[in-house]
Structures are given as structure tokens and as C-alpha cells.
Amino acid sequence: MKRVYVNENWCLGCHLCEYYCAFASTNEKDMARALKGIKISPRIRVEEMDGISFAVSCRHCNEPLCVKGCITGALTRVDGIIMIDKDKCISCYTCVLCCPYGAVSPSEDGAVLKCELCIKTYSRTPMCVKGCPNEAIVFEERGE
Amino acid sequence: MKYVIIGNSAAAVGAVEAIRKNDKEGRIVIVSNENYHVYSRPLISYLLLGKTNEEKMKYRNDDFYRENRCELKLNKTAQRLDIKQKQVIFEDGDAESYDKLLIATGSSPFIPPVQGLDKVKSMYTFTTLDDAKALDNALSENSKVLIVGAGLIGLKCAEGISKKKVEISCIDLSYKVLSSILDDEGSEIIKRHLQDNKIRLYLKRHIIEFKENIAMLDDGTEIPFDVLVMAVGVRPNISLVKDAGGRTNRGIIIDERCQTSIPDVYAAGDCCESMDISSGEAKVMALLPNAYMQGECAGMNMSGLDFVFDKAIPMNAIGLFGKHIITAGTYSGDVYFETDGKNYKKLFYSDNKLNGFILIGDVAKAGIYTALIREKTPLDTLNFELICKTPGLMAFSKRARGEMLGGIKSEAVSS
């Protein structure tokens, strides 16, 4: 299946992926208008230090510890994509405890935040990939 | 092939989902002594708090049994196993034969013997949906509630009923709250937080006698109450296996394939004791993620695969009155410690590996620490100083990151 892959050699550390991610979940048309004045809660996050940077988002594991550990059944694996039912999630953070990549984020909005490959948005390609100016984030099949 | 599963919670679901990956045809019979579609037990406190409802508490959707072709038998209690005939005998006299059997019977609240307890009319426990409903019915405005036990169950119960205009007191033998998962300083933080949220704590005390609606403590204190909740702990339900001659200790003893000592009988979840790889000791680790993964492991082996689950560690994620706590592993070895009064972090390490951790407040990316314990990652392969301060993938080698984020197989990477 297609996944989001990151090449840290090409990452500029510009954080645009975070903004595009936050924009994707608004379902608005204009990014500047959608994000103006709000604190973004992206599902992809850039780690950076000493000139190295890279973006981290859900790996959509074949054996997802977050799904197996989820106490409510809010996290499920549907056609290879780890999805979250925001209505069911009660923010116990068991998935935060389980995810080896730190790719599920705590949130005060009543449900944890995680990448769903933009399948709930209008975008066919994940917005972080579309928005990356240097192809450091790609969406492709690599036989995993 | 006929699979019988005694129990209808996380371990049972793990088993069903695993069996159906390998065997689409075999019969699966699930037997429960409750009368509910599979629901998440830890959510009963959120139910009382109004953060979820019975519909959303369903651990799997309404079609779960149909889609997985399971026969569900509710309100039925297993009494004993006939391991020669390979049958489960039920209290109502029925019997169910099996080719492969899974014991996923969970645990039951332990009620300590206290003088006068038999005269307390309004006593409740807090582990099942029926428990939660009964407790909810017993509460009225200004009820005085006494919770015995300041552990995970007792404190989640306290939080669950805290919005109901009731007075809550909580007593524990230990001088700590959450003594099973917190160290002294972490416990102090949570203690203050509970007191700030109007929970009256009576620690390092015990009840010597109940007199009608008054609990008499060892130091002479008298606590009047309307409703009593017993939450001192749970005991694994082991009798089916024990009475049939299977090996048990505190829990049912299983190997890393989740097999009991009885042929074709498996066990998973809170009724079991298994190896905690962070301490090397066999333990009852009554946690939902372990229950699911043990159930899954049992289901794989029951349906003919060879599957091992040897990554169990104690671990907990719990929120109380808005404060989050995540802990895992064993608290031994050297200590890394940082706190700013609000957030608290302690990491325990020795012999080049992480043994355990406690996070209070800022719990983001805790799973990176959990993975270090679970995978016994050699600490000299990463930037340990950095990962102590900031859990992240930055602390790993570029090669490791290439595997984690780039889908690159290690031999193809030139670092």
C-alpha cells in the first residue's frame, strides 16, 4: 500500500507540511484564511536539531500497537490505514503510550491526533506531500 | 475445528480477530456471564462522567459477531472443565465441547474481610458495566461516598462520580496513591492534585470496623458514608483451570504461546500471569493492551500458527481530573529525573537498557520510551542524553530513522 515516506536529506525544516496538514483538516479553500490566528494542531510534526530535520507522522504499521492497545476501539485498521473514530476516543492516551514513533499526539480536543493519509479530506494525495517544496515527503508504494 | 472462548472482553476479541485471519470456517463459540455486547471495561468511569455512553462504549461494532461468525452465548457461567471429554460444563447444566479452548475470564474484585462489613447495605464494586449502573443508581445529591482503595480502580471511580455533587473520601493502606504505578514523589503530585479536586484522602490507614454507615479507622477517625465502594484490588479468575488440575499461581500460568499446562486450553488477559520482560518476573499484568495481544497470540496458536507474544510489560495510561500519567516497565537502576513542579519525568535504566519510566503532565511521545523497554534497545546505539530530555526519533541513528521513516531496509542504507 501507499505510505508517506520521509527523506531527511531533502527536508528543509520549513514546517510547511505541518501547515498543510492543519489546513487539510479544516476543509477550507484558502489556507491563509483557514489558519490565520489559530494555533495549529498538525498530525505530522517536524523534529529538528543541529541542521538535521525530518517530519514524523503515522507509519500505518502492519501490526499497529496503537490499535491493539486502544481501550475503546476508536482506533481501527481499514484497508491498511489506521483510522480514528473521534467520537469514540476518550483521550486516555493509551495509544500515546504504545506508539513507538511518537506519531499519535495528545490533544485537548477530546480525541488524539493522528494522520489518516488525508482520506477524510478532499485531497487524494496527503496534503503534507503536496505542500512539501522539496519532495522530502513522498506518497508511494515501497512494498512494505 | 471448534473454538470455545470463555469471556467476552478484550482478550476474547483479540482471539477472534486472530482466528479469523487464519480460519474462516471453524466454529467460534463465545460464552459470557454478562448480558452485553462486548464493551470496554475501563470506560465505566467515563460513562458515569458523561464522557461516553453505552453505545460508544462498545469495544467493537454491532456487526462484530456476525462478521466474524461467532455464536454468542450470554448470561452463562462456566462451572468447570472436563478436560478428558474436552467439554466446558456450565452452571445451568449445559455443556459445550471444544477442540481449542480459550479461558479469558478476567478478574473479580477482592473484598477484604472487615468486621461489620456484612451490615453495610450500600456496598458496591467497580469493574463491570452492571457495577457502574448500580453505583450510579445508589448516588443522590450530597451522597457521602467512601472509596476503599486509592489505586487505579478507586481513583477512576472517584473521578467518574466527581461531577455528581457528592462528597468523596478515599482510604488506602499505603501512604501513596496509585502505589502500584507511582514512586513517592510522583504520588505526592497526584495526591495534591486529587486534594485540589476535593477528594478527601485518608492514607496509611485502614478500616477496623464498620458500624452501620460509619467506617472506624485504626487511628480513631470515623468516616460517615452513604455509599461504600470496595476497590482494594482484583483477583484473577483462575478456578476453571485450577480445579481441572492446570498450573496456576496468582493467575493462570501461561507460556509465551498463551498455552496453559492443559492440552488445547489457552488463557489470556487479566486471569493470567505471564513474563514481564522488563523485570524478568512472572506477573499478573491486568492491562487492556496486554489482554488484547495475549488473546491475539492465543488465537493464532489455536488456529494452527506458531506465534509468540514475549513483549509484555506493565504499562499504564491514566488521566485523573485533567492530569495525565503514563508509566511503563520496572522502576530499578539509575535514574534520570526532571520536574518543573507541574510536569514530572523519571527514567530508570541499567545495563545499557531502559527499565521503566514515569511521566506526569507532559506525556507526549511516551511510546518512544515504551518501545525502548519493549525492544530492549541498547542505549549506546542512540543519543541517550537527548532522548532523556526529548523523546523523539532524532536520538536514533540516521540508519535507524531511514528504516523507521523511509521504509528503507537496513542493508540498502549507506549512512
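# Two chains, question by question

User: What radius of gyration does chain A have, next to a compact globule with 144 residues?

Analyst: This is a predicted model, where local features need pLDDT of at least 70, side-chain atom pairs count only at pLDDT 80 or more, and totals for chains, interfaces and linings use all residues. Residues are numbered from 1 along each chain as its sequence is written, while chains are lettered from A and ligands numbered from 1 in the order in which they are written. The radius of gyration is taken over C-alpha atoms, and the globule rule is 2.2 Å times the number of residues to the power 0.38. For 144 residues a compact globule would come out near 15 Å, and chain A agrees because its own value is 15 Å.

User: And what is the radius of gyration of chain B?

Analyst: The C-alpha trace of chain B spans about 70 × 60 × 35 Å along its principal axes. A compact globule of 415 residues would be near 22 Å, and chain B agrees with that at 23 Å.

User: In what order do the elements of chain A run from the N terminus on?

Analyst: Helices (H or I, at least four residues) and strands (E, at least two) are DSSP runs, numbered from the N terminus. Chain A has five helices and six strands. Read from the N terminus, that gives β-α-α-β-β-α-β-β-α-α-β.

User: How far apart are the centres of domain 1 and domain 2 of chain A?

Analyst: The bounds come from an automatic or database domain assignment, with domain 1 at 1–57 + 117–144 and domain 2 at 60–114. Where they touch, domain 1 of chain A puts in eight residues and domain 2 of chain A nine, a contact being two residues whose C-beta atoms, placed from the backbone, lie within 7 Å. Taken over C-alpha atoms, the separation of the two centres is 19 Å.

User: Which element gives the most to the side of chain A that touches chain B?

Analyst: The contact between the chains draws on 33 residues of chain A and 38 of chain B. On the chain A side, the elements with two or more residues there are β1 (2–6), β2 (45–49), β3 (52–56), α3 (65–69) and α4 (94–98). With four residues, the top contributor is α4(A).

User: How many residues of that side of chain A are nonpolar?

Analyst: Ala, Val, Leu, Ile, Met, Phe, Trp, Tyr, Cys and Pro count as nonpolar, Asp, Glu, Lys and Arg as charged, and the others, Gly among them, as polar. The side of chain A that touches chain B has eight polar and eight charged residues, and its nonpolar count is 17.

User: Is A:Cys118 buried or exposed?

Analyst: A:Cys118 has a positive phi of about 60°, though it is not a glycine, and it sits in the loop between α4 and α5 (127–131) of chain A. The cut-offs are 20 or more other C-beta atoms within 10 Å for buried, 12 or fewer for exposed, and partly exposed in between, with C-beta atoms placed from the backbone. A:Cys118 has 22 such atoms, so it is buried.

User: And B:Asp351, buried or exposed?

Analyst: B:Asp351 also has a positive phi, near 50°, without being a glycine. It lies in the loop between β25 (344–350) and β26 (353–360) of chain B. B:Asp351 has 10 C-beta neighbours inside 10 Å, so it counts as exposed.

User: Which residues have the most contacts inside the largest nonpolar core?

Analyst: A nonpolar core is a set of buried Ala, Val, Leu, Ile, Met, Phe, Trp, Tyr and Cys residues joined through C-beta atoms within 7 Å. The largest one has 173 residues, and the two with the most contacts inside it are B:Leu102 and B:Val229.

User: Which residue in β19(B) stands opposite B:Leu102?

Analyst: B:Leu102 belongs to strand β7 (residues 100–103) of chain B, where B:Lys100 and B:Leu102 on one side and B:Leu101 and B:Ile103 on the other are all buried. Beyond four places in sequence, the contacts of B:Leu102 include B:Ile5, B:Ala15 and B:Met302. Its opposite number in β19(B) is B:Tyr266.

Terms used:
Pairing = 2+ DSSP bridges.
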